[in-house]
Amino acid sequence: MRVLELLQSNQDGQDQLEQVEGVIRHVVERGFWQIERVMRRKDGSKFDASVITTRVDKADGELAGVVTVIRDISREKALAEQRARFVAHASHELRTPITNLMTRLHLFRIRPERAQEHLAILDEVAERMIRLVDDLLDRSRLERGIITLRRQQQNICSLLDKIVRHQQSEAERRSISLRFDCPSEPLIVECDGERMSQVFTNLIVNAINYSPEQGQVTVYVRSRTAQSAEIVVEDTGHGIPAEHLPYIFQPFFRVPNENEIKGSGLGLSIAYELVALHGGELTAESEMGSGSRFIVRLPLAAQTETQEPT
Ligand code: ADP
């Protein structure tokens, strides 16, 4: 009768009795019974359970009893669903540039005299696919927990200075002012320089991408204690609607927009996890019409020798 109690079905007593008798008959005859079902915890909350009942015999082969093991598989199921969603999203994301590639190849065949234009677009599509595949690989590595950080003491200010200088031409091309208010004191963080550059590049590129002409993007250090510092990437772009803000760090999430800025929706989710791997936190504040602010809080290193980023 133990199985009956544990299953805690909502059926009436007679149904339960018949069900358990059926299970016991099955276990006695075949040695094993397994089912997945939704069960209730003592506090009334529901969970996905795997129920396995096995026949246990005495040394002489006579039936001694049955053992039932109930396992909470909610997390396994959620992970399996997440994986399936990831594959579906990834395939969908890859399909778009592949379709563009095929269309452009077709146009190349029928209009070969416009070779330069076709080649420029093919280059662009190929680059987009590489970026997408790199992001997908990073996401997959993060989900499997196999990203290893090559940590070194770095002056984050030098790293930011380099990124800002690198993005300056793109900002100018879009008539956006990009500024780094460099603090006088170095900001030493024990971090993987490449991964940290990836985080800040993503935030700065987004700030440029989601700002209109004449917009301003500013990178600055907001607060600093002996233990940690907050680095802010701020823009005067169109902002993120409050109802979408809680989801922007989720993989593949993109705020629906009329301007059709193409992106995979993976960058922020990767940045979020990378900052967390460094013991920090990435948060966002935004106001529609006035802009967005992304804040990276990082623990500061107890200073020893500083290694400049290469
Ligand atoms: P994407 O490749 O689409 O830019 P991200 O993960 O970097 O992917 O960003 C997720 C979404 O968050 C973007 O699609 C965009 O809608 C929104 N977003 C990110 N940064 C900004 C910003 N600075 N201003 C406005 N919206 C932003």
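Contact here means heavy atoms within 4.5 Å. The model is predicted, so local features need pLDDT of at least 70 and side-chain atom pairs count only at pLDDT 80 or more, while totals for chains, interfaces and linings use all residues. Residues are numbered from 1 along each chain as its sequence is written, and side-chain values use heavy atoms, with hydrogens and water left out.

**Stop 1: helix 3**

Select residues 74-110, which form helix 3; helices (H or I, at least four residues) and strands (E, at least two) are DSSP runs numbered from the N terminus. The end C-alpha atoms of helix 3 are 54 Å apart, which agrees with the 54 Å that its 37 residues should span at 1.5 Å a residue. The expected span is 1.5 Å times one less than the number of residues.

Now show F86, A90, E93, P97 and R104, the buried residues of helix 3. Buried means under 20% relative accessible area, with a 1.4 Å probe and protein chains only. These residues pack against helix 4.

Zoom in on R104, which counts as buried because its relative accessibility is 14%. Which residues is R104 in contact with, leaving aside its neighbours within four places in sequence? They are E117, H118, I121 and L122.

**Stop 2: helix 4**

Move to residues 115-144, helix 4, where 30 residues reach 43 Å from the first C-alpha to the last, close to the expected 44 Å. Its buried residues include H118, L122, R128, D135, D138 and R139. Among the elements covering the buried residues of helix 4 are helix 3, helix 6 and helix 7.

**Stop 3: the ligand**

Select the ligand and the 19 residues around it, of which N206, Y210, D235, R254 and L268 come nearest. A residue is near a molecule if one of its heavy atoms lies within 4 Å of it. Helix 6 (193-209), helix 7 (267-277) and strand 10 (291-299) each supply at least two residues of this shell, and helix 6 gives the largest share, 3 residues.

Next, display the polar contacts, pairs of N or O atoms within 3.5 Å:

- A ligand oxygen is 3.0 Å from a polar backbone atom of V255.
- A ligand oxygen is 3.1 Å from a polar backbone atom of S264.
- A ligand nitrogen is 3.5 Å from an N or O atom in the side chain of S292.

The protein covers 95% of the 530 Å² of accessible area that the ligand has on its own, as computed by the Shrake-Rupley method with a 1.4 Å probe.

Note on methods: A polar contact is a pair of N or O atoms within 3.5 Å; within protein, one must be able to donate a hydrogen and the other to accept it, and residues adjacent in sequence count only if both atoms are side-chain atoms. Buried means under 20% relative accessible area, exposed over 50%, partly exposed in between (1.4 Å probe, protein chains only).
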